[in-house]
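Open your viewer and get your selection tool ready.

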Amino acid sequence: MSLIAVGTMAFDAIETPFGKTDRIIGGSATYVAYAASNFVQPIQQVSIVGYDFPEEEMNDLKKRGVELEGVEVVKDKKSFFWSGRYHLDMNSRDTLVTDLNVLADFNPVIPESYQGAEFLMLGNLAPAIQKSVIQQMKTRPKLVVMDTMNFWMEIAMPELEETLKLVDVLMVNDSEARQLSGQFSLVKAAKQIMKMGPKYLIIKKGEHGALLFHENEVFFAPALPLEDVFDPTGAGDTFAGGFMGHIAKTKDISFENMKTAIIIGSALASFCVEKFGPTRLKEITKEQIDARIQQFVDLVNFDIKLV
């Protein structure tokens, strides 16, 4: 049931209307690993860090069943660093600092021990890097899922189009779906994007939930209305980790099971935003996850009699 997670392990400095942090652990692969490890182990991590990445953080990941053989440690460079400030609506943000550091040299190598993994999650990276990882797999995984962003659509569209042909599921937010497809309607956008290669498309809409598209089928998952949202950083990657963790645990890649996976991903993301960084994800128990998933069921469950 192994799952490979490819992405960044980094430091973030975050400012929101509710507080700020100077330097906490972040990165797409970190969030995916913490979320997915609730459902499946091992998580086979592929990333790159500098000399400054804390040993205790590596040990915390190992305790969660995360294998780090695919994580390159560069002894003479710093880890990737990102700093951002969120606006009052917590949906829009300004990037203040992006220091690529070791990420500028990231050329992931899939260790031999990771070969044969059934599930592959490609975090938001250059499309050429994502493609190289897929091509390194000697046996194609049952499900290949990728995340991307508007930045790559602007500077690397030909490479992105090539990579899209190789994946099963694409995850983007609503503005990225519109940009990629050139369509305003998300239904038309989904049809256009699925023609590019992915059989399934997940469009994340932040506090307004997520949409799953496959052929002519559509499923909508709500987001849980929360009293307090402290930090949305990593919520999308946590969503991806919960989604992939459930898929890997059940080994079922049907549309019906993906509906459940989206609810589970949404539940995990709702924990993530409650504290800065991955702090909350380190604390949650199976009982709390089950209770949160039940809240999602209650949120949308109703009986109706047409008269």
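Start with α3 and α5, which are roughly parallel to each other (angles under 35 degrees count as roughly parallel, over 145 as roughly antiparallel, 65 to 115 as roughly perpendicular and the rest as oblique). Select residues 127-136 for α3 and 157-164 for α5: their axes come within 8 Å and cross at roughly 30°. Axes here are lines fitted to C-alpha atoms, for helices over the stretch in contact, with angles from 0 to 180 degrees between N-to-C directions. Helices (H or I, at least four residues) and strands (E, at least two) are DSSP runs numbered from the N terminus.

A word on the model: it is predicted, so local features need pLDDT of at least 70 and side-chain atom pairs count only at pLDDT 80 or more, while totals for chains, interfaces and linings use all residues. Residues are numbered from 1 along each chain as its sequence is written, and side-chain values use heavy atoms, leaving out hydrogens and water.

Now show side chains on this pair. Pro127, Ala128, Gln130, Lys131 and Ile134 of α3 make the contact with Glu159, Leu160, Glu162 and Thr163 of α5 (contact means heavy atoms within 4.5 Å).

Next, select serine 181, in helix α6. Serine 181 is buried, with a relative accessible area of 13%; buried means under 20%, exposed over 50%, and partly exposed in between, with a 1.4 Å probe and protein chains only. Its side chain reaches the backbone oxygen of arginine 178 at 3.5 Å. Beyond neighbours within four places in sequence, serine 181 is in contact with Ala189, Gln192 and Ile193.

After α7 comes glycine 197, with a positive phi near 145°.

Finally, select α9 (255-272) and α11 (286-300), which pack at about 115° with axes 9 Å apart. That makes α9 roughly perpendicular to α11. Among the residues making the contact are Ile263 and Phe271 of α9, and Arg292 and Phe296 of α11.

Notes
A polar contact is a pair of N or O atoms within 3.5 Å; within protein, one must be able to donate a hydrogen and the other to accept it, and residues adjacent in sequence count only if both atoms are side-chain atoms.
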